Amino acid sequence: METWRRNLYVLCGCLFFCMLAMSMVMPFLPLFIQQDFGVEDPHEVTMWAGIIFGANFLTAGLVSPIWGNLADKHGRKIMILRSGYFMSITVALTGFAGSLWQLLGLRLINGLVGGIIPASTALVASSVPKEKIGWAQGLLQSFITAGTIMGPLFGGIMADYIGFRMIFVVTGSLLFVSTLVITFTVHEKFTPPEKQERSSLREDFQLIFSSKELPTLFFVTVMIQFALLSIMPVLPIYISQLLGHEGTKVALWAGIVQAAMGVANVFAAPRLGQLGDRYGSQKVLLGSLVVAGLLFIPQGFVGAVWQLILLRFLLGLSLGGLLPSVNALLRRATPTHMVSRVYGYNNSFVSIGSMLGPMIGGFVAGYISISGVFWMTSAFLLINAGWVYYSFFRKRSVQEPEAGI
């Protein structure tokens, strides 16, 4: 088997388990805060859940360009291993947090040492043939998203037997084992750049933001992450409201709702990536944004959990075309020796959207309504679709696209 294929398949499997582990308890933060830290006021619960959920992304956004710069100088695999091993420690320690402030501090530290996703994305992007980049990114993203979304199903089942705290310990163990597999099975043929090709963070910033395509894609990334994670901290509370007096298995039902979206995403992302390779990733991105934006509207009106499960499954089909399309477009606009830096900057914007989404979503849910979060998310996705149309279609109708940096 070709090296790039083996690396891709191994990273898909390992990142699935990494994200499965990482997401087993994070979506249940409101329940964790209520049960283990004694916070009962709903407004305070949603506020803390949004802050703690987003804290990881705050520090990750600050350091991602640094890790990207180091990856281009020293290799992407070493950045994957650094992130995986350190996160396994910090996540396991989170299970022993004695206060909300300790929980917040460990989430901030986890963001500092993280970066396994952008490093893996860069390694795949730098080794896969360009004509297969959409398919490869779609496949990788489908496993990442599937792990992220199916994790709550396993977490919901485990929570009833071992409690939320022990799930953090299990998460750390899975991260360690997955990173160990990558250590011995993923191989990177990395050639350090010549001294004249090396640049400082300031020079990277100036070069990247002088491009016409990359800043547009960064903005699209922020909006996607903001929209998709805005509902995450309050989804269990919404499900408990739908269940009413029958809401004794909220964590389990929340996991099923998330798993429905994950299963759909697994099947959709590689196929949408292939369509992007054939017809253009920008077309797949635009269509996916429009469909996802429309599907969020009825989620605010559902009266039963099964209706929410059906809509989230359909949403998962459309989500498969978002981040893989962005990653494919980024790769095509970036020279090989700068791949990690560009993905590092993009991960900063992923982190910005991931941080703001839960925080603002928690605020809207606490002071307006949970249904309002779904409608806000729909509006942001449709606005994003308009921005993509303007940037990649309307402007391109009067001039040829730029080659990128």
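**Close-up 1. Arg165 and Asp36 pair up in a salt bridge.** In this predicted model, the closest N and O atoms of Arg165 and Asp36 sit 3.2 Å apart; a salt bridge here is a side-chain nitrogen of Lys or Arg within 4 Å of a carboxyl oxygen of Asp or Glu. Arg165 lies in helix 7 and Asp36 in helix 2 (residues 29–37), so the pair ties together parts that are 129 residues apart in sequence. Helices are DSSP runs of H or I with at least four residues, numbered from the N terminus. Both partners are partly exposed: Arg165 has a relative accessible area of 25%, and Asp36 comes in at 31%. For that label, buried is under 20% relative accessible area, exposed is over 50%, and partly exposed is in between (1.4 Å probe, protein chains only). As a reminder, side chains of opposite charge can pair when their charged atoms come close.

A note on the model and numbering: residues count from 1 along each chain as its sequence is written, and side-chain values use heavy atoms, with hydrogens and water left out. Since this is a prediction, local features need pLDDT of at least 70 and side-chain atom pairs count only at pLDDT 80 or more, while totals for chains, interfaces and linings use all residues.

**Close-up 2. Asp277 and Arg332 make another salt bridge.** Here the closest N and O atoms are 2.7 Å apart. The pair links distant parts of the chain, with Asp277 in helix 11 (residues 250–279) and Arg332 in helix 14 (residues 323–332), 55 residues apart. Asp277 is partly exposed at 27% relative accessible area, and Arg332 is partly exposed too, at 33%. The structure holds 3 salt bridges.

**Close-up 3. Ser281 also reaches Arg332.** The side chains of Ser281 and Arg332 are joined by a polar contact of 2.9 Å (a pair of N or O atoms within 3.5 Å; within protein, one must be able to donate a hydrogen and the other to accept it, and residues adjacent in sequence count only if both atoms are side-chain atoms). Ser281 belongs to helix 12 (residues 281–299) and counts as buried, with 3% relative accessibility. Leaving out residues up to four places away in sequence, Ser281 touches Gly276, Ser325, Ala328, Leu329 and Arg332, where contact means heavy atoms within 4.5 Å.

**Close-up 4. Gln137 is buried in helix 7.**

**Close-up 5. Arg5 meets Glu2.** Their side chains form a salt bridge of 3.1 Å, N to O. Arg5 is partly exposed at 23% relative accessibility, as is Glu2 at 44%.

**Close-up 6. A nonpolar patch sits on the surface.** Val263, Phe267, Trp306, Leu310, Phe313, Leu314 and Leu317 make up the patch, with about 660 Å² of accessible area together (areas from the Shrake-Rupley method with a 1.4 Å probe; for residues, only the protein chains shown count as cover). Patches take residues with over 30% relative accessible area and no salt bridge, joining like charges within 9 Å and nonpolar side chains (Val, Leu, Ile, Met, Phe, Trp, Tyr) within 5 Å. Helix 11 and helix 13 (305–319) each supply at least two residues, but helix 13 gives the most, with 5. Phe313 lies in helix 13 and counts as partly exposed at 34% relative accessibility.
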